[in-house]
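Work through the exercises below with the sequence and the model at hand. Each task is followed by its solution in steps.

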Amino acid sequence: MTELKITIPSAKQASYTITIGTEILASVWLQIDEQFPNQSKFIITDENLVNAGHPKKLTGDREITTFVIKPAGEISKNIKTVISIIEEMEKCALGRDTLIVALGGGTVGDIAGFAASIFKRGIPVLQIPTTTVAQADSAIGGKTGVDSTLSKNAFGAFWHPVGVYIDVGTLKTLDERQYRAGLIESVKHALIANGEYFDFLEKNLDAILSRDTDVLETMAIHNCKIKGSVVELDPLEKNQRRMLNYGHTIGHAVEQASGFELLHGESIAIGIIGAGLIEIETGLGTNDRLKRIQTIFEKIDVPTEIPENLEEKKLVKLIKHDKKAVQHWPRFVLIDKIGHIHQKNGQYALEVEREIVEKVINKLKKR
Ligand SMILES: NC(=O)c1ccc[n+]([C@@H]2O[C@H](COP(=O)([O-])OP(=O)(O)OC[C@H]3O[C@@H](n4cnc5c(N)ncnc54)[C@H](O)[C@@H]3O)[C@@H](O)[C@H]2O)c1
Ligand SMILES: [Zn+2]
């Protein structure tokens with residue numbers, strides 16, 4: 001078992017430990033009780049997690065009030081679910097001395113974290129992520145929120161967890177497509193911050209795809225260190241944290257233009273290839289480097305080209321509306337070598353000429 005400490009310098013109370021291991025779920029509750037002896041506990045999870053038996057493993061014979069999100073997934077990541085959760089907590093007469101335990105993927109974590117941030121002006125939340133996305137990304141960093149009918153994460157708060165338990169054994173029951181798409185955020189971490197980690201991913205890809213828990217633990221440690229250190233530097237996403245948006249400018253637009261037919265990680269894979277093409281155009285990258293990344297994506301079996309049925313005009317329009325856009329033109333995060341983010345005058349999200357972006361989008365469609 002490995003323990004990592006995350007400290008947010010601006011807020012001492014926002015320090016927490018990430019515990020990483022295999023098949024640790026059954027012993028986590030003892031540690032939770034030890035750390036929070038005086039809190040009532042309220043679990044938030046979803047129906048797929050229940051079917052996979054994870055909440056039962058977590059609680060054992062204990063009777064813990066549990067809210068099961070139905071249906072599972074993004075469709076329930078909205079304010080109505082948050083209202084149901086809060087009203088359920090009130091019905092159970094839970095007060096400010098309650099700890100929310102989020103057991104699930106990024107949707108459960110985002111919903112539970114947001115509910116915790118607003119229930120009676122804020123109560124602690126503990127994250128137990130169970131997807132490749134959540135273990136590498138969403139459970140660490142304190143971003144929480146739910147979607148409006150118009151956009152993703154329209155309601156939200158920065159609300160750091162009081163602890164994170166990563167049991168890579170829980171990934172065994174995750175659907176194959178979700179599992180693979182979620183690996184892209186790990187590749188992203190390696191690309192922006194650690195070249196040796198990229199070599200590790202390249203070498204161990206077969207073991208990763210067969211869900212070898214030793215390799216998954218090593219990955220979790222790398223992911224948490226990388227994401228944790230970026231979050232420590234810039235908890236509120238003023239600058240450095242933007243580097244985590246590598247591949248996300250084009251990726252988000254592709255995800256949206258596909259009507260969310262493509263999963264987030266699948267769209268980000270296309271976005272990372274797009275960033276790679278921009279790097280080549282601007283002299284920051286080489287074809288060989290891009291080929292290495294593309295080979296990994298092909299083995300993971302995620303798309304590396306914009307699907308034919310996506311309209312280019314729609315895509316460019318969406319890119320202009322990216323949240324990092326300045327004067328209707330987006331900023332791009334780029335790398336200058338594998339494992340190293342490119343920065344200019346201390347900025348990580350940089351302007352790229354329109355012609356280059358349009359050319360790259362064209363290339364991304366047919367290579
Ligand atoms: N807060 C952040 O910083 C952050 C970062 C990245 C993504 N996100 C958010 O995360 C969400 C996506 O999260 P996700 O990809 O984990 O999707 P998800 O939570 O919807 O999980 C994917 C599917 O797998 C099921 N599932 C989860 N764990 C399982 C397991 N161990 N075994 C079997 N089934 C399991 C879920 O029920 C769901 O159907 C998005 O809403 C995104 O906006 C947030
Ligand atoms: Zn992402």
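Predicted model: local features only at pLDDT ≥ 70, side-chain atom pairs only at ≥ 80, totals over all residues.

Residues are numbered from 1 along each chain as its sequence is written, ligands are numbered from 1 in the order in which they are written, and side-chain values use heavy atoms, with hydrogens and water left out.

**Exercise 1.** Describe the shell of residues around ligand 1.

Step 1. A residue is near a molecule if one of its heavy atoms lies within 4 Å of it. There are 24 residues around ligand 1, and D46, E74, G106, T131 and T173 come nearest.

Step 2. Sort the shell by class: 12 residues are polar, eight charged and four nonpolar. Gly counts as polar here.

Step 3. Look for helices (DSSP runs of H or I, at least four residues). At least two shell residues come from each of α2 (47-51), α5 (106-118) and α6 (132-138).

**Exercise 2.** Find polar contacts (pairs of N or O atoms within 3.5 Å) of ligand 1.

Step 1. Take the nitrogen atoms of the ligand: one lies 2.9 Å from a polar side-chain atom of D110, and a polar backbone atom of T170 is 2.9 Å from a nitrogen atom.

Step 2. Take oxygen: the side chain of K152 has an N or O atom 2.8 Å from an oxygen atom of ligand 1.

**Exercise 3.** Is L277 buried or exposed?

Step 1. Locate L277: helix α13 (residues 264-281) contains it.

Step 2. Buried means under 20% relative accessible area, exposed over 50%, with a 1.4 Å probe and protein chains only. L277 is buried because its relative accessibility is 7%.

Terms used. Polar contact = N/O pair within 3.5 Å; in protein donor to acceptor, adjacent residues only side chain to side chain.
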